[in-house]
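Student: Could you show me how to read strands, buried residues and aromatic rings in a protein model, giving the general idea each time and then the case at hand?

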Amino acid sequence: MKPWIFALTVITVLFACDNEPHVQFPEENWSDRVATMQNTDSMAHGKTYLSVYSQIYSFSQQRKYNMTGMVSLRNLSESDTVYILRADYFNTVGKNIRSYVKKPVFLAPMETIEIVIAQSDVEGGTGSNFLFEWKTPSGCPEPLFEGVMNSMEGALGASFTTTGKRIE
């Protein structure tokens, strides 16, 4: 066998054995829902905390199981638009690792928007969480923030939910 064919074969086998996914995590593009807010003094204002889990422990603290996180931001009003001012993602040690909202965005009546944390994105770790800041017209229901974490690998599957808690 010629040396260059052997070298090419070895290089091909080495690269084919790479099991690590090469995934980039682009920022959500919500520029089409940027809100122009006026007369905000009369609006209700709040902050909501939501726990999400990029990973959970499996069998012991040394073994982790990766999860896909689906975060829903829901407007419960049939008639009013609500505004999301902030959607920040924090890791287990409390470091802000991603801000999804750069400018206020709107949720139309009864609308849901989502943030998906890919199963391969484990930057958040076992104690990741979101902090949302929002405004609603007076008398409008507060927005609802929920998380659904799931993972299915082979014959194994896990799924659970979390609900946001107003902190301010």
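**Strands, burial and rings**

Tutor: Strand S5 (residues 82-90) and strand S9 run antiparallel to each other and pair over seven bridges. A strand here is a DSSP run of E with at least two residues, numbered from the N terminus, and two strands pair if DSSP finds at least two bridges between them. Please keep in mind that this is a predicted model, in which local features need pLDDT of at least 70 and side-chain atom pairs count only at pLDDT 80 or more, while totals for chains, interfaces and linings use all residues. Residues are numbered from 1 along each chain as its sequence is written, and side-chain values use heavy atoms, with hydrogens and water left out.

Student: Which residue stands opposite Phe130 in S9, and which residue of S9 is the bridge partner of Ala44?

Tutor: Tyr89 stands opposite Phe130. Strand S1 (residues 44-51) also pairs with S9, in the antiparallel sense and over eight bridges, and in S9 the partner of Ala44 is Thr136.

Student: Why is strand S9 described as largely enclosed?

Tutor: One looks at burial, where buried means under 20% relative accessible area, exposed over 50% and partly exposed in between, with a 1.4 Å probe and protein chains only. In S9 (residues 129-136), eight of the eight residues are buried, so the strand is largely enclosed by the rest of the structure. Both faces are covered, with Asn129, Leu131, Glu133 and Lys135 buried on one side and Phe130, Phe132, Trp134 and Thr136 buried on the other.

Student: In what order do the four strands of the open sheet follow one another?

Tutor: The order is S8-S4-S10-S11, with antiparallel pairing. Its edges are strand S8 (112-117) and strand S11 (156-163), each of which pairs on one side only. Within this sheet, strand S10 (residues 144-153) is joined to S11 by eight bridges, the two running antiparallel, and Asn150 stands opposite Ser159 in S11.

Student: How should I read a pair of aromatic rings, and how many such pairs does the structure hold?

Tutor: A pair of aromatic rings is described by the distance of the centres and the angle of the planes. Rings of Phe, Tyr and Trp (its six-membered ring) pair if their centres lie within 6.5 Å, and planes under 30 degrees apart count as stacked, over 60 as edge-to-face and the rest as tilted. The structure holds five aromatic pairs. One of them is the tilted pair of Tyr100 and Phe130, with 5.8 Å centre to centre and 35° between the planes. Tyr100 lies in the loop between S6 and strand S7 (105-107) and Phe130 in strand S9, so the pair ties together parts that are 30 residues apart in sequence. Both Tyr100 and Phe130 are buried, and together with Tyr89, Phe132 and Phe145 they form one aromatic cluster.

Student: What is the phi of Phe59, and where is Phe59 found?

Tutor: Phe59 has a positive phi of about 75° although it is not a glycine, and it is found in the loop between strand S2 (55-58) and strand S3 (60-66). At 79% relative accessibility, Phe59 counts as exposed. Met110 likewise has a positive phi, near 65°, in a residue other than glycine; Met110 lies in the loop between S7 and S8 and counts as exposed at 51% relative accessibility.
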